[in-house]
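Subject: A structure for you to look at

Hi,

Here is the structure I promised to pass on. Have a look at it first, and then read my notes below.

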Amino acid sequence: MNHNLKNFLKFISVLTVFLTIVFLLNNIVTVYFNWPGIEKLFISFSTLKGIDVLLALIQLASYVFVIVYSFLYAVKISDEQILPCSEKFSEWSSYIARSAFWAIFFIGLFDIFISFLAAEKILSKLMSDSTLNIFTKPSSRALLFHLPLGVIGFVIGYYKKAPSFIWFATLVVFSEASIVITRYVFYYEQAFMGDLVRLWYSAIFLFSSAYTLVQEGHVRIDILYVKFSEKKKAISNIAGSILLGIPLCALTIFIGLQGKTSIINAPILSVEVTQQGVSGMYVKYLLASFLGFFAITMIIQFASSILFNTDKILKERL
């Protein structure tokens with residue numbers, strides 16, 4: 001492999017990961033902490049005043065810094081370090097996915113329990129109106145209960161390395177089976193029961209995509225790839241990651257997190273819930289975030305795949 005091409009692939013991989021992280025951090029401070037954003041420097045600089053100019057410059061500097069840092073970082077990666085670096089990025093992607101699974105698992109159990117008590121008017125009998133609002137007001141439930149449970153999920157994901165996709169899928173089967181049994185045997189059904197199935201099924205479908213990519217589990221409908229040599233397969237995977245995978249995920253992240261009215265930020269900011277009222281789970285805003293988790297884990301995994309396949313080509317040459 002050409003030396004310049006090898007360095008270019010390392011740079012693209014590292015830049016993809018670190019640029020994604022910086023973009024997410026800038027989205028958080030812009031949308032949730034009202035920083036001006038770098039676009040204000042170019043579109044409406046004259047409207048910026050005092051501290052806003054400094055904050056916007058800091059955000060711009062973060063992108064310049066990450067580009068320079070990624071270049072220096074990539075140059076320092078020797079041939080022997082390419083595979084460990086790939087494995088590190090893959091582990092980051094896996095950590096995000098499995099932690100999100102644990103978070104959604106706990107949030108799902110908690111929210112369906114509270115929704116059941118609310119739908120059956122049990123909460124209103126046990127609590128005063130002010131206390132009841134903590135559980136029935138979407139913003140309160142999200143901030144006081146969903147957020148801590150999410151943090152717990154990410155802590156558990158740090159220590160538990162297994163993705164646990166199989167037993168999570170089993171829970172979806174039991175949840176769907178419970179709907180059938182309660183509907184046709186006991187003639188009982190509430191909106192929160194279907195909400196739980198959609199919540200967990202969406203999590204499985206979107207969070208496990210990066211893990212499936214690692215395991216080469218995606219279905220390939222082609223007549224050429226299977227006949228390729230290992231080197232040609234590696235080249236194909238690198239080209240696919242750079243030309244298709246990374247651009248698609250980057251576009252998803254950029255559009256989904258473009259301002260407060262974007263398709264991901266808007267539902268989270270408003271803590272959007274179903275129209276079923278207290279009989280439904282308060283998790284619709286989380287479903288919007290799943291798209292972001294999917295794109296983030298996949299783009300990091302595509303970056304890891306570039307390094308992994310670059311290492312394969314180098315080893316085959318040796």
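Before we start, a word on terms: helices are DSSP runs of H or I with at least four residues, numbered from the N terminus. In that sense, L147 lies in helix α7. Please keep in mind that this is a predicted model.

Now the overall picture. The protein chain has 13 helices and zero strands. Its C-alpha atoms fill a box of roughly 70 × 60 × 35 Å along the principal axes.

Back to helix α7, which covers residues 138-159.

How do helices α1 and α11 pack? Helix α1 spans residues 3-31 and helix α11 spans residues 230-256; the angle between them is about 10 degrees, and their axes are 12 Å apart. Angles under 35 degrees count as roughly parallel, so α1 and α11 are roughly parallel to each other. On the α1 side, the contact is made by L9, I12, T16, T20, F23 and L24, while α11 brings I238, I242, I246, I253 and F254. Of these contact residues, nine are nonpolar, two are polar and none is charged.

Happy exploring!

Terms used:
Residues are numbered from 1 along each chain as its sequence is written. This is a predicted model: local features need pLDDT of at least 70, side-chain atom pairs count only at pLDDT 80 or more; totals for chains, interfaces and linings use all residues. Side-chain values use heavy atoms; hydrogens and water are left out. Axes are lines fitted to C-alpha atoms, for helices over the stretch in contact, and angles run from 0 to 180 degrees between N-to-C directions. Helices (H or I, at least four residues) and strands (E, at least two) are DSSP runs, numbered from the N terminus. Angles under 35 degrees count as roughly parallel, over 145 as roughly antiparallel, 65 to 115 as roughly perpendicular and the rest as oblique. Contact means heavy atoms within 4.5 Å. Ala, Val, Leu, Ile, Met, Phe, Trp, Tyr, Cys and Pro count as nonpolar, Asp, Glu, Lys and Arg as charged, and the others, Gly among them, as polar.
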